[in-house]
Amino acid sequence: MKSYFRNIPDFKYISRLPNSKLNDYITVKNIFKRGKLREDIINEIAYFTKYQIKGNDRPDNVAFEVYGDSNLDWVVLLSNNIVNIQTEWPLPQQDFDAYLLQKYDTYDNIYNGIHHYETTEVKNNRGTLIVPSGLECNSTYPISYFDDRLEEQISIANIAIPITNYEYEEKKENDKRNIFILKQNYLNVVVSDMENIMPYREGSTQYVNETLKVGDNIKLYS
């Protein structure tokens, strides 16, 4: 993320540290000035390719593999509107195990506790889909349909199957692995856009220059 944070402008705010003086300021990166991909890029699926995150790969690992530059991890994140890596990126296995134990308390709850029930797939004798698999349902889910090939009514007492807490959480993590990667052809456009988006523009009383704003000195009013 070094190249991303390098483009983020600074913001000076009045220090509230003990023993600080009236005009003591602290300079920080203005993380609220967040970059984003242009609408005409983010909404055009042809500019992206599908990608599956492997193992414990981090955004910088993915950026290095696809762009040859780990500092372009911010492009990977912006391409998928990822703001919070902790919740929107697959956890490393060790962290995932710790998360499960913290949430469900015991290994028995993790692997044997029922989170919810889902349907199993049902097709008629012609191969026509009657009920898709994976629909959340009650613990008992009977169905009945007429099979025109057999010319009879088919009744199934229950097509629901239990999904354990582990299966539920594992699927959520695996879903996070399916991301989109901006094609190399459009990389320079996005990098150039970021360099244009980040600088401050004149018009605010806090404006100092393109890379710096200074907050009001609230100590003067207290």
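Let's begin at Glu152, which has its place in strand β9. Strands here are DSSP runs of E with at least two residues, helices are runs of H or I with at least four, and both are numbered from the N terminus. The model is predicted, so local features need pLDDT of at least 70 and side-chain atom pairs count only at pLDDT 80 or more, while totals for chains, interfaces and linings use all residues. Residues are numbered from 1 along each chain as its sequence is written, and side-chain values use heavy atoms, with hydrogens and water left out.

Leaving aside neighbours within four places in sequence, Glu152 is in contact with Tyr145, Phe146 and Asp147, where contact means heavy atoms within 4.5 Å. For a sense of scale, Glu152 and Tyr47 are 105 residues apart in sequence and 50 Å apart in space, C-alpha to C-alpha.

Tyr145, for instance, has Ile154 as its bridge partner in β9.

Now turn to another sheet. It is open, with three strands in the order β7-β4-β10 and antiparallel pairing. Its edge strands are β7 (136-137) and β10, each of which pairs on one side only. Between β4 and β10 there are five bridges in the antiparallel sense, and Glu118 has Ile161 as its bridge partner in β10. Helix α8 packs on this sheet, touching β4 and β10, and its direction makes about 75 degrees with that of β10. Such axes are lines fitted to C-alpha atoms, for helices over the stretch in contact, and the angles run from 0 to 180 degrees between N-to-C directions.

Helix α8 deserves a visit of its own. Its 12 residues (165-176) should span 16 Å at 1.5 Å a residue, and the end C-alpha atoms are 17 Å apart, which agrees; the expected span is 1.5 Å times one less than the number of residues. The buried residues of α8 are Asn165, Tyr166, Glu169 and Glu173. They cover an arc of only 95 degrees around the axis, which puts them on the same side of α8; the arc is that of the directions from the helix axis to the C-beta atoms. These buried residues pack against α6 (93-104), α7 (107-112), β4 (114-119) and β10 (160-164). Asn165 has a relative accessible area of 8%, and apart from residues up to four places away in sequence, Asn165 touches Tyr104, Asn109, Ile110, Gly113, Ile114 and His115.

Next comes helix α3, where Pro59, Asp60, Val62, Ala63 and Tyr67 are buried. Seen down the axis of α3, the buried residues fall within an arc of 155 degrees, so they line one face of the helix. Their cover includes β3, α4, α5, β11 and α9. After α3 comes Gly68, with a positive phi near 75 degrees.

Tyr67 leads us to the largest nonpolar core. Of its 24 residues, Tyr67, Val76, Trp89 and Leu182 touch the most other members. The elements giving two or more residues to this core are β3 (48-52), α3 (59-67), α4 (73-79), β11 (178-182) and α9 (187-197), and α4 gives the most, with five residues. A nonpolar core is a set of buried Ala, Val, Leu, Ile, Met, Phe, Trp, Tyr and Cys residues joined through side-chain atoms within 4.5 Å. Beyond four places in sequence, Tyr67 is in contact with Leu72, Val75, Val76, Ile181, Leu182, Gln184 and Leu187.

Finally, two loops. Asn81, in the loop between α4 and α5 (85-88), has a positive phi of about 50 degrees although it is not a glycine. Asp105 is found in the loop between α6 and α7, and its phi is positive too, at about 75 degrees. At 59% relative accessibility, Asp105 counts as exposed.

Technical notes
Buried < 20%, exposed > 50% of the residue type's maximum accessible area, 1.4 Å probe, protein only. Pairing = 2+ DSSP bridges.
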